[in-house]
Amino acid sequence: RGRSDGAPQLRQRALHVAIIDEVDSVLLDEATTPLVLADSPRRITDCPEVYLQAKEIALALQMGDDFVLNEPAKQLFLTENGRSKSAEMMDDRFRMLLIRPWSHYVEQALRAIHLFQRDAQYVVVDDQVQIVDQFTGRIFRDRTWQDGLQQAIEANEHVDITAESHPIARITRQRFLRGYTHVCGMTGTASEGA
């Protein structure tokens, strides 16, 4: 509830008891994935053309000559030839709209095309790209990828391109859970995690 006197609002009660569902997944499988609080809700970006042009350029680049792909390691990067070719192909009207180097937009577009598969790493529901948890198969409706990857995948899927969110707080799950007085959990796969 809002307060009219301008006093700070209570955001969360004291950390007393945490009950963790699928505790092995949360504490073991996702141990390196930080909890991130982002600043903006999903809204349409003001400059979808940047991501759409990065996708067009990515489709014109040749594997080996312009970019290197290591699919098992999920790594992809532009070669010097690819960097210069993508810079030459860029429309100068978009230069002032960039928040990172142009090559990064093209690399993210290449990742969206070559490393991310619909109905495996993400699904499209109601014209929105939603992340699929790689461990549980659950859909994360409120999570998005960072650094323009979400927008590159949206451009690849021909849906409305959302504005990038910016992290304002980050903490590991273990550090966050240490703040609780009591922590307990449950899982159906404890014997495998032992």
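Let's start with an open sheet built from 3 strands in the order 5-6-7, with antiparallel pairing. Strand 5 (122-125) and strand 7 (139-140) sit at the edges with a single partner strand each, so one side of each has no neighbour in the sheet. Strands here are DSSP runs of E with at least two residues, numbered from the N terminus, and two strands pair if DSSP finds at least two bridges between them. Strand 5 and strand 6 are joined in the antiparallel sense over 4 bridges. Along that pairing, tyrosine 122 stands opposite isoleucine 131 in strand 6.

## What you're looking at

This is a predicted model, where local features need pLDDT of at least 70, side-chain atom pairs count only at pLDDT 80 or more, and totals for chains, interfaces and linings use all residues. Residues are numbered from 1 along each chain as its sequence is written, and side-chain values use heavy atoms, with hydrogens and water left out.

## Glutamine 130

Now look at strand 6 (residues 128-132), which is where glutamine 130 lies. Its relative accessibility is 6%, so glutamine 130 counts as buried. For the cut-offs, buried means under 20% relative accessible area, exposed means over 50%, and partly exposed is in between (1.4 Å probe, protein chains only).

Which residues does glutamine 130 touch, not counting those up to four places away in sequence? They are Tyr122, Val123, Val125, Ile139, Phe140 and Arg141, where a contact means heavy atoms within 4.5 Å.

## A hairpin and asparagine 70

Strand 3 and strand 4 form a hairpin with 4 residues between them, and lysine 74 in the turn has a positive phi of about 60°. The two strands pair in the antiparallel sense over 4 bridges. Asparagine 70 belongs to strand 3 (residues 67-70), and its bridge partner in strand 4 is glutamine 75.

Asparagine 70 counts as partly exposed because its relative accessibility is 34%. Its C-alpha atom is 9.4 Å from that of leucine 115, which is 45 residues apart from it along the chain.

In a regular strand the side chains alternate between the two faces of the sheet. Strand 4 (residues 75-78) has Leu76 and Leu78 on a covered face, with Gln75 and Phe77 on an uncovered one.

## Cysteines

How many disulfides does the structure hold? The count is 0, taking a disulfide as a pair of cysteine sulfur atoms within 2.5 Å. Cysteine 47 counts as buried because its relative accessibility is 15%, while cysteine 184 is partly exposed, with a relative accessible area of 40%.
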